[in-house]
Amino acid sequence: MVCLGNICRSPLAEGIMRHLADERGLDWHIDSAGTGDWHVGEGPDQRSTRTAMSHGIDISKQVCRLFKISDFDEFDLILVMDKSNLSDILAKARNEEDVKKVKLLLGDKIVPDPYYDDAQFEPVFQLIEQGCREIIKQHNK
Ligand code: 4NP
(Lines give C-alpha, C1' and ligand atoms only; values in the text may rest on other atoms or scores of the structure.)
Protein backbone atom coordinates (compact mmCIF):
# COMPACT_ATOMS: atom_id res chain seq x y z
CA MET A 1 0.00 0.00 0.00
CA VAL A 2 1.61 3.23 -1.13
CA CYS A 3 0.75 6.91 -0.75
CA LEU A 4 2.71 10.13 -0.53
CA GLY A 5 3.39 10.57 3.19
CA ASN A 6 2.68 7.03 4.52
CA ILE A 7 0.88 8.60 7.46
CA CYS A 8 -2.75 9.04 6.29
CA ARG A 9 -4.01 6.79 3.48
CA SER A 10 -1.58 3.88 3.14
CA PRO A 11 -1.49 3.12 6.90
CA LEU A 12 -5.30 2.92 6.77
CA ALA A 13 -5.04 0.68 3.71
CA GLU A 14 -2.49 -1.57 5.44
CA GLY A 15 -4.66 -1.86 8.56
CA ILE A 16 -7.91 -2.42 6.69
CA MET A 17 -6.44 -5.00 4.29
CA ARG A 18 -4.78 -6.89 7.17
CA HIS A 19 -8.05 -6.86 9.11
CA LEU A 20 -10.07 -8.17 6.13
CA ALA A 21 -7.42 -10.78 5.25
CA ASP A 22 -7.29 -12.00 8.86
CA GLU A 23 -11.08 -12.28 8.97
CA ARG A 24 -10.92 -14.50 5.89
CA GLY A 25 -7.94 -16.57 7.04
CA LEU A 26 -5.80 -15.29 4.17
CA ASP A 27 -2.07 -15.55 4.86
CA TRP A 28 -1.12 -12.33 3.07
CA HIS A 29 1.98 -10.28 3.85
CA ILE A 30 0.74 -6.69 3.92
CA ASP A 31 2.79 -3.52 4.42
CA SER A 32 2.74 0.16 3.50
CA ALA A 33 5.21 2.82 2.44
CA GLY A 34 5.40 6.38 1.17
CA THR A 35 7.08 8.08 -1.75
CA GLY A 36 8.00 11.14 0.37
CA ASP A 37 10.38 11.05 3.34
CA TRP A 38 9.01 13.84 5.60
CA HIS A 39 7.49 11.53 8.20
CA VAL A 40 9.84 8.52 8.14
CA GLY A 41 10.01 6.87 11.58
CA GLU A 42 6.75 8.45 12.79
CA GLY A 43 3.48 6.72 13.57
CA PRO A 44 0.36 7.32 11.47
CA ASP A 45 -1.48 10.65 11.56
CA GLN A 46 -3.72 10.71 14.65
CA ARG A 47 -6.76 11.32 12.47
CA SER A 48 -6.11 8.06 10.61
CA THR A 49 -5.44 6.22 13.87
CA ARG A 50 -8.67 7.51 15.40
CA THR A 51 -10.74 6.75 12.30
CA ALA A 52 -9.38 3.21 12.11
CA MET A 53 -9.98 2.71 15.84
CA SER A 54 -13.61 3.80 15.43
CA HIS A 55 -13.92 0.79 13.08
CA GLY A 56 -12.14 -1.56 15.50
CA ILE A 57 -8.80 -1.49 13.68
CA ASP A 58 -5.59 -0.57 15.53
CA ILE A 59 -2.98 1.00 13.25
CA SER A 60 -1.15 2.86 16.04
CA LYS A 61 1.93 0.60 15.99
CA GLN A 62 2.71 1.18 12.30
CA VAL A 63 5.87 3.13 11.48
CA CYS A 64 6.28 5.32 8.40
CA ARG A 65 8.87 4.23 5.85
CA LEU A 66 9.89 5.06 2.30
CA PHE A 67 9.09 2.80 -0.65
CA LYS A 68 12.22 0.92 -1.66
CA ILE A 69 13.17 -0.84 -4.90
CA SER A 70 13.31 -4.23 -3.13
CA ASP A 71 9.56 -3.85 -2.46
CA PHE A 72 9.11 -4.81 -6.11
CA ASP A 73 10.75 -8.16 -5.27
CA GLU A 74 9.04 -8.69 -1.92
CA PHE A 75 5.44 -8.01 -3.00
CA ASP A 76 3.18 -9.40 -5.74
CA LEU A 77 0.98 -6.33 -5.78
CA ILE A 78 1.79 -2.67 -5.16
CA LEU A 79 -1.41 -0.71 -4.62
CA VAL A 80 -1.19 3.06 -4.88
CA MET A 81 -3.75 5.66 -3.84
CA ASP A 82 -3.59 8.29 -6.59
CA LYS A 83 -2.14 9.13 -9.99
CA SER A 84 0.92 10.90 -8.65
CA ASN A 85 1.76 7.87 -6.47
CA LEU A 86 1.29 5.80 -9.64
CA SER A 87 3.73 7.83 -11.70
CA ASP A 88 6.24 8.09 -8.81
CA ILE A 89 6.28 4.31 -8.35
CA LEU A 90 6.24 3.49 -12.07
CA ALA A 91 9.27 5.77 -12.46
CA LYS A 92 11.14 3.41 -10.09
CA ALA A 93 10.14 0.22 -11.94
CA ARG A 94 13.14 -1.65 -13.33
CA ASN A 95 11.32 -3.83 -15.85
CA GLU A 96 7.93 -4.90 -17.18
CA GLU A 97 7.46 -7.35 -14.30
CA ASP A 98 7.73 -4.48 -11.79
CA VAL A 99 5.34 -2.34 -13.86
CA LYS A 100 2.71 -5.10 -13.89
CA LYS A 101 2.59 -5.20 -10.08
CA VAL A 102 1.57 -1.55 -9.71
CA LYS A 103 -2.15 -0.72 -9.62
CA LEU A 104 -4.45 1.98 -8.31
CA LEU A 105 -6.22 0.51 -5.24
CA LEU A 106 -9.56 1.67 -6.66
CA GLY A 107 -8.91 0.48 -10.20
CA ASP A 108 -9.72 3.60 -12.19
CA LYS A 109 -10.49 5.98 -9.32
CA ILE A 110 -8.24 7.68 -6.81
CA VAL A 111 -8.20 7.84 -3.03
CA PRO A 112 -7.91 11.61 -2.41
CA ASP A 113 -5.33 12.96 0.04
CA PRO A 114 -7.17 13.87 3.29
CA TYR A 115 -4.15 15.58 4.91
CA TYR A 116 -5.58 19.11 4.73
CA ASP A 117 -9.20 18.25 5.52
CA ASP A 118 -10.17 16.51 8.77
CA ALA A 119 -13.65 15.73 7.39
CA GLN A 120 -12.16 13.53 4.64
CA PHE A 121 -10.75 10.82 6.91
CA GLU A 122 -13.99 8.87 7.32
CA PRO A 123 -14.91 9.00 3.57
CA VAL A 124 -11.33 8.02 2.74
CA PHE A 125 -11.63 5.06 5.14
CA GLN A 126 -14.80 3.97 3.34
CA LEU A 127 -13.18 4.25 -0.11
CA ILE A 128 -10.13 2.28 0.99
CA GLU A 129 -12.30 -0.41 2.57
CA GLN A 130 -14.29 -0.79 -0.66
CA GLY A 131 -11.04 -1.03 -2.63
CA CYS A 132 -9.62 -3.67 -0.29
CA ARG A 133 -12.81 -5.76 -0.47
CA GLU A 134 -12.66 -5.62 -4.27
CA ILE A 135 -8.99 -6.69 -4.34
CA ILE A 136 -9.74 -9.62 -2.03
CA LYS A 137 -12.65 -10.64 -4.26
CA GLN A 138 -10.46 -10.49 -7.40
CA HIS A 139 -7.70 -12.59 -5.81
CA ASN A 140 -10.00 -15.19 -4.27
CA LYS A 141 -11.54 -16.41 -7.49
P1 4NP B 1 -0.78 10.57 2.80
O2 4NP B 1 -1.07 12.09 3.19
O3 4NP B 1 -0.03 10.60 1.49
O4 4NP B 1 -2.14 9.98 2.67
O5 4NP B 1 0.03 9.98 3.95
C6 4NP B 1 -0.04 13.03 3.33
C7 4NP B 1 0.64 13.12 4.50
C8 4NP B 1 1.65 14.08 4.66
C9 4NP B 1 1.95 14.90 3.60
C10 4NP B 1 1.26 14.79 2.41
C11 4NP B 1 0.27 13.85 2.27
N12 4NP B 1 2.96 15.88 3.75
O13 4NP B 1 3.15 16.68 2.81
O14 4NP B 1 3.62 15.91 4.79
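Predicted model: local features only at pLDDT ≥ 70, side-chain atom pairs only at ≥ 80, totals over all residues.
Local features in it need pLDDT of at least 70, side-chain atom pairs count only at pLDDT 80 or more, and totals for chains, interfaces and linings use all residues. Residues are numbered from 1 along each chain as its sequence is written, and side-chain values use heavy atoms, with hydrogens and water left out.

Colleague: Happy to start with R65: is R65 buried or exposed?

Modeller: R65 sits in the loop between α2 (46–54) and α3 (71–74); helices here are DSSP runs (H or I, at least four residues), numbered from the N terminus. Buried means under 20% relative accessible area, exposed over 50%, and partly exposed in between (1.4 Å probe, protein chains only). The relative accessible area of R65 is 17%, so R65 is buried.

Colleague: Thanks! How are the rings of F67 and F72 arranged?

Modeller: Rings of Phe, Tyr and Trp (its six-membered ring) pair if their centres lie within 6.5 Å; planes under 30 degrees apart count as stacked, over 60 as edge-to-face and the rest as tilted. For F67 and F72 the centres are 5.2 Å apart and the planes stand at 80°, so the pair is edge-to-face.

Colleague: And is Y116 buried or exposed?

Modeller: Y116 forms an edge-to-face aromatic pair with Y115, 4.9 Å centre to centre. Y115 is partly exposed, at 30% relative accessible area. Y116 has 76% relative accessibility, so Y116 counts as exposed.

Colleague: Lastly, which backbone oxygen does the side chain of S87 reach?

Modeller: S87 lies in helix α4 (residues 83–90) and is partly exposed, with a relative accessible area of 43%. At 3.2 Å, its side chain reaches the backbone oxygen of S84.

How values were computed
Helix = DSSP H or I, 4+ residues; strand = E, 2+ residues; numbered from the N terminus. Polar contact = N/O pair within 3.5 Å; in protein donor to acceptor, adjacent residues only side chain to side chain.
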